[in-house]
Amino acid sequence: MSTNAELYEQDFYLWCLETCASLGAGEFDAVDVRHLIEEIRDLGNNVRSALESDLGIVILHLLKWQYQPGDRQDSHSWEDSIVEHRRRLHRLLKKSPSLKAHLTTAVEEEYPSARQRAAAQTRLPRTTFPEACPWTVEQILDNDFFPAL
């Protein structure tokens with residue numbers, strides 16, 4: 001393992017440690033810049049993906065909360081999931097406030113999948129669920145918002 005670039009391919013964890021040590025020591029010539037750029041870009045994409053995933057789960061469970069008929073015995077687990085994923089969203093947005101600019105687009109992108117999953121999980125026709133998300137971003141993120149049953 002003679003270079004930092006070779007180390008990246010052989011032992012990613014050690015590559016991370018060595019890269020941090022080199023950066024911390026100001027040894028910038030020892031840094032594998034190409035892979036470092038790639039990893040930083042991936043980190044940003046992972047944070048955005050987490051936002052989208054949590055939004056999708058909140059939307060899915062809000063749909064099931066509002067539209068699934070019956071005794072709603074599952075509503076407590078949906079409520080718990082909604083609360084948990086809202087908590088994750090708030091934490092993500094606190095750590096990365098620039099993600100707020102992506103929220104509207106993320107809801108628009110995640111809603112069709114949440115709608116499809118809600119139909120599959122409830123065995124209700126997809127037409128049971130609105131074609132466009134019936135809630136605003138603010139409602140989706142609001143800890144006190146639950147659609148009328």
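A residue counts as buried when its relative accessible area is under 20%; by this criterion, 37% of the 149 residues of the chain are buried in this predicted model.

View 1. Along the sequence, the pattern reads α-α-α-α-α-α. The chain is more spread out than a compact globule, because its radius of gyration is 21 Å, well over the 15 Å that the globule rule gives for 149 residues. The C-alpha trace spans about 65 × 25 × 25 Å along its principal axes. Among contacts with a separation of 6 or more, 65% join residues 24 or more positions apart.

**View 2. The largest nonpolar core contains 26 residues.** Leu51, Leu55, Ile59, Leu63 and Ile140 touch the most other members. Two or more residues of this core come from each of helix 3 (33–67), helix 4 (75–95), helix 5 (103–122) and helix 6 (137–141). A second, separate core has 5 residues, including Leu7, Trp15, Val31 and Leu36.

**View 3. Ile140 and its contacts beyond four places in sequence.** Here Ile140 is in contact with Leu55, Val58, Ile59 and Leu62, and also with Arg86, Val107, Cys133 and Trp135.

**View 4. Thr3 lies in the segment before helix 1 (4–10).** This residue is partly exposed, with a relative accessible area of 38%. From C-alpha to C-alpha, Thr3 and Leu92 are 35 Å apart in space, and they are 89 residues apart in sequence.

**View 5. The surface and charges of the chain.** The accessible surface comes to about 9,200 Å², and 51% of it belongs to carbon and sulfur atoms. There are 16 positive and 24 negative side chains, with the centres of the two sets 8 Å apart.

Key. Residues are numbered from 1 along each chain as its sequence is written. This is a predicted model: local features need pLDDT of at least 70, side-chain atom pairs count only at pLDDT 80 or more; totals for chains, interfaces and linings use all residues. Side-chain values use heavy atoms; hydrogens and water are left out. A nonpolar core is a set of buried Ala, Val, Leu, Ile, Met, Phe, Trp, Tyr and Cys residues joined through side-chain atoms within 4.5 Å. Buried means under 20% relative accessible area, exposed over 50%, partly exposed in between (1.4 Å probe, protein chains only). Helices (H or I, at least four residues) and strands (E, at least two) are DSSP runs, numbered from the N terminus. Contact means heavy atoms within 4.5 Å. The radius of gyration is taken over C-alpha atoms; the globule rule is 2.2 Å times the number of residues to the power 0.38. Accessible areas come from the Shrake-Rupley method with a 1.4 Å probe; for residues, only the protein chains shown count as cover. Lys and Arg count as positive and Asp and Glu as negative; His and the chain ends are not counted. The place of a charge is taken as NZ of Lys, CZ of Arg, CG of Asp or CD of Glu.
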